[in-house]
Amino acid sequence: MNGLRTVVIGVVLACAAVAAPAALVSPAAADTSAPVARPEPAVAASWSALSVPAAAPPATVSDLAARGPGEAWATGTEQAADGPRPLLHRWDGTAWSRDTTFPGGDEPGRLGKVQFVGKETWIFRTRNGAGEILRRSAAGWSTVPLPQTLWTYQDFTAVPGAAWVVGEDSTGLKVLHYDGSTWTAQSTPEGVLFLMGITARTATDAWAWADTSNGTAVLHWDGTAWRDAKVPLPTNSNVHTVLLEADGRMTIGGSQYTDGVGRTYLMAWNGHAWRTTYPPLGDTYTAAMVRGPDRALWLPVRSDRAFQSKYARVDDRRVSYSYGPERTNAIDVKPAALARAGSALLSFGTVEIYGSKPNLMSERWGDRP
């Protein structure tokens, strides 16, 4: 499985010293001896449907991010005669509205990850094959073009004082770093073939998960260089996401494969050691995992009801489930992204109604505005 540049990437890693979110230390080995948790009965649904302006179907969802209860942004694409066109929606605490004011909003292209950088909103966008960053401030929209066009744009992250775009061109892996005025290309450790994703807490604390000649690895940027963080990932596993939190906690989500069968794992860093658990989630893709207002981890899962979405709540070893509202004549409800918005959770995704193509949907869990 090594070399696949998608979700399924096998690894064979030895348990070694690991990197703390702020500094490199040598914690104890991961706790893999805990018994497998059993799911609790489904909890009463507490999700409500939110109205979203319709797009030209089929619509797709890329990302969702919230700054607080009164501001969230969702990105995606809709279908036009000349190809995909970017979709951007804003939540104001009461309702979703579509934003078409950004430069090139009426041109073919795609919007990707959304990040909040200080008081600004940054969104990665591709247009005519070229990548750029859309920036929204109090003065309006502006763009930051990339220094070169890549064949693929795998991921993007931004924090005050730094931004990264990772992908590939004809020469191989590219890690492009922006310091607020200048782009530079950064090197990675020997043997790194491809970066699957990247995230950052600060300009000197960034993390990436990589396909390497020895399997999947987690890399850390300390402001000086990218290094293998020696995270003791489960054998024969891949990484879907790395969730960084302001209090120093860090959670890695992925899948481990045994005889071709996958199971979800979570690795949590508590400031001293890694702890690995295997919640009973099957082989759920964890990229949309977030920390909820109740301090538990939340993520969308494949629903066993065609007319309702389904969400998993993971609190240590305990897993419970909740369903979204029933949708008349729906044959597939797919929440694609979650975000904490104050004391609530927002979900953004698609719903396919019988006889039509997928269009946008949003749901809300928690306190009312």
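Predicted model: local features only at pLDDT ≥ 70, side-chain atom pairs only at ≥ 80, totals over all residues.
Reader: What is the strand order of the open sheet of four strands?
Author: Strands are DSSP runs of E of at least two residues, numbered from the N terminus, and two strands pair if DSSP finds at least two bridges between them. The edge strands, each pairing on one side only, are strand 1 (47-50) and strand 26 (330-341). The pairing is antiparallel, and the order is 1-28-27-26.

Reader: Which residue takes a positive phi in the hairpin of strand 19 and strand 20?
Author: Strand 19 and strand 20 run antiparallel and are joined by nine bridges. Gly253 has Leu266 in strand 20 as its bridge partner. The hairpin has two residues between the strands, and the positive phi, near 55°, belongs to Asp259.

Reader: Which residue in the turn between strand 20 and strand 21 has a positive phi?
Author: Strand 20 also runs antiparallel to strand 21, with four bridges joining them. One of the bridge partners in strand 21 is Trp274, which is paired with Trp269. Four residues lie between the two strands of this hairpin, and the residue with a positive phi, of about 100°, is Gly271.

Reader: How much space lies in the second largest pocket?
Author: On a 1 Å grid over the protein atoms alone, a pocket is an open set of points with protein on both sides within 12 Å along at least five of seven lines, whereas a cavity is a set of points where a 1.4 Å probe fits but cannot get out; lining residues have an atom within 4 Å of a point. Grid points are joined across faces, edges and corners, and a volume is the space filled by probe spheres set on the points. For the second largest pocket, this space is about 330 Å³.

Reader: Which strand gives the most to the lining of the second largest pocket?
Author: The pocket is lined by 19 residues, and those closest to its centre are Ala268, Arg275, Arg291, Leu297 and Asp316. Two or more lining residues come from each of strand 19 (250-258), strand 20 (261-269), strand 21 (274-277) and strand 24 (310-315). The most, four residues, come from strand 20.

Reader: Which strand gives the largest share of the lining of the second largest cavity?
Author: The second largest cavity has a volume of about 30 Å³, and among its lining residues are Thr60, Ala74, His89 and Phe348. Strand 2 (60-68), strand 3 (71-80) and strand 4 (83-91) each give two or more residues to this lining. The largest share, three residues, is that of strand 3.

Reader: How many salt bridges are counted?
Author: A salt bridge is a side-chain nitrogen of Lys or Arg within 4 Å of a carboxyl oxygen of Asp or Glu. Glu245, Asp247, Arg249, Arg291 and Arg295 are linked in a network of such bridges. By this rule, the count of salt bridges is 25.

Reader: How far apart are the closest N and O atoms in the salt bridge of Asp294 with Arg313?
Author: Asp294 lies in the loop between strand 22 (290-291) and strand 23 (297-301) and Arg313 in strand 24, so the pair ties together parts 19 residues apart in sequence. Asp294 is partly exposed, with a relative accessible area of 27%, and Arg313 also counts as partly exposed, at 23%. The distance between the closest N and O atoms of this salt bridge is 2.7 Å.

Definitions and conventions:
Residues numbered from 1 in each chain as written. Heavy atoms only, no water. Buried < 20%, exposed > 50% of the residue type's maximum accessible area, 1.4 Å probe, protein only.
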